[in-house]
Amino acid sequence: MLAETDIADAAIVRVRDTLDGVFRSLKEVRDASARQAHAVRQSGRDLVRADLAMMRPLLFDRLGMLIAGIGFIAAPGLLADAPWYLEWWQVGPSNTPVQLLRDLDPESSAFYDYTHWDWFAGPQAGAEKTICGPYVDYLCTDEYSLTLSVPVTSAGAFIGVAAADVFVRSFENAVVPVLREIPAPAFVINPSGRVVASNTARWTPGAIYRGDAGFAVHPCGDLPLSLVTAEA
């Protein structure tokens, strides 16, 4: 029989493996958008929306399984024909890619200023891996979600963010089975202590862990997540 520490280690590996796959897809999007920006600038013209559309086959191929939405979000002023822009696609009702369209006119009362969101602000501030949530994504899917993101740079300058949405229920389906192998309350938290997945009804997704006594916190590698387990 495995020791409790070995079972906890297995849970950490499952969390890392699950989300590392999403981050690998984001790094592909990051590399593709950076290459496109570099090639266009080398040609002597400014980047426009049509240049980002060249990435759509890559984005479409990454949708499904864990990834419910994925794309590149431009830093304000990057594109010559759209000061604010998202090349963002998500899984539609018929499992076909659907583009997310939001009001990106700064003069509009419904203007969507995405720079205020942690999934954009984190990479812009230099975070290599950002996980935002869990939160109800009223702007995209109305689902309880996580947003993962990485910075995109070109010629040493920040040009935007590659990001992906993961439904919390999909993440739970991947990690809760191994959490249930831990013979004590155990749950995964984000940096603010909000529970993402759990093996107990006492700590449901969205609950806040505030360093309660009787628990140990185990970092999940380089992910901004931790596994919390009740101490024996």
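## Strands S4 and S5

Tyr-135 stands opposite Ser-145, a residue of strand S5. The model is a predicted one. S4 and S5, the latter covering residues 144-154, are paired in the antiparallel sense, with five bridges between them.

How much of S4 is buried? Six of its seven residues are, so S4 is largely enclosed by the rest of the structure.

## The open sheet S8-S7-S10-S9

Four strands make up an open sheet, in the order S8-S7-S10-S9, and their pairing is antiparallel. The edges are taken by S8 (195-198) and S9 (215-219); each has a single partner strand, so one side of each is left without a neighbour in the sheet. From one strand to the next, the twist averages 25 degrees.

S9 and S10 (residues 226-230) run antiparallel and are joined by five bridges. Ala-216 has Thr-229 in S10 as its bridge partner. Helix H5, residues 168-179, lies across S7 (186-189), S8 and S10. The helix runs at about 45 degrees to S8.

## Aromatic pairs

The count of aromatic pairs comes to 14. One of these is formed by Trp-203 and Phe-215, with 5.8 Å centre to centre and 80 degrees between the planes, an edge-to-face arrangement. Trp-203 belongs to the loop between S8 and S9, while Phe-215 is in strand S9, so the pair ties together parts that are 12 residues apart in sequence. Are these two residues buried or exposed? Both Trp-203 and Phe-215 are buried.

Phe-215 also pairs with Tyr-209: the ring centres are 5.9 Å apart and the planes stand at 75 degrees, so this pair is edge-to-face. The cut-off behind that label is an angle over 60 degrees between the planes. Tyr-209 and Phe-215 are both buried.

Elsewhere, ring pairs link a cluster made up of Trp-84, Phe-111, Tyr-112, Tyr-114, Trp-119, Phe-120 and Phe-158.

## Charges over rings

Which ring does the charged end of Lys-129 sit over? It is the ring of Phe-23, with the charged end 5.2 Å from the ring centre. Lys-129 also takes part in a network of salt bridges, in which it is linked with Asp-20 and Asp-222.

Arg-202 lies over the face of Trp-203, at 4.4 Å from the ring centre. Trp-203 thus has a charged residue over its face and an edge-to-face partner in Phe-215.

## Salt bridges

The structure holds eight salt bridges. In the one between Glu-128 and Arg-30, the closest N and O atoms are 2.8 Å apart. This pair links distant parts of the chain, 98 residues apart: Glu-128 is in the loop between helix H4 (118-124) and strand S4 (130-136), and Arg-30 is in helix H1 (residues 4-42). Glu-128 is partly exposed, because its relative accessible area is 39%. Arg-30 has a relative accessible area of 17%, so it counts as buried, the limit for that class being under 20%.

Asp-81 and Arg-49 form another salt bridge, with their closest N and O atoms 3.3 Å apart. Asp-81 lies in the loop between strand S1 (67-74) and strand S2 (86-91), and Arg-49 in helix H2 (residues 49-53), so the pair ties together parts that are 32 residues apart in sequence.

Arg-56 forms a salt bridge with Glu-87, and here the closest N and O atoms are 2.7 Å apart. Arg-56 is in helix H3 (residues 56-62) and Glu-87 is in strand S2; the two are 31 residues apart, and the pair links distant parts of the chain. What is the relative accessibility of Glu-87? The value is 0%, so Glu-87 counts as buried. Arg-56, at 23% relative accessibility, counts as partly exposed.

How values were computed:
Residues are numbered from 1 along each chain as its sequence is written. This is a predicted model: local features need pLDDT of at least 70, side-chain atom pairs count only at pLDDT 80 or more; totals for chains, interfaces and linings use all residues. Side-chain values use heavy atoms; hydrogens and water are left out. Two strands pair if DSSP finds at least two bridges between them. Axes are lines fitted to C-alpha atoms, for helices over the stretch in contact, and angles run from 0 to 180 degrees between N-to-C directions. Contact means heavy atoms within 4.5 Å. Rings of Phe, Tyr and Trp (its six-membered ring) pair if their centres lie within 6.5 Å; planes under 30 degrees apart count as stacked, over 60 as edge-to-face and the rest as tilted. Buried means under 20% relative accessible area, exposed over 50%, partly exposed in between (1.4 Å probe, protein chains only). A charge sits over a ring if NZ of Lys or CZ of Arg is within 6 Å of the ring centre and within 35 degrees of the ring normal. A salt bridge is a side-chain nitrogen of Lys or Arg within 4 Å of a carboxyl oxygen of Asp or Glu.
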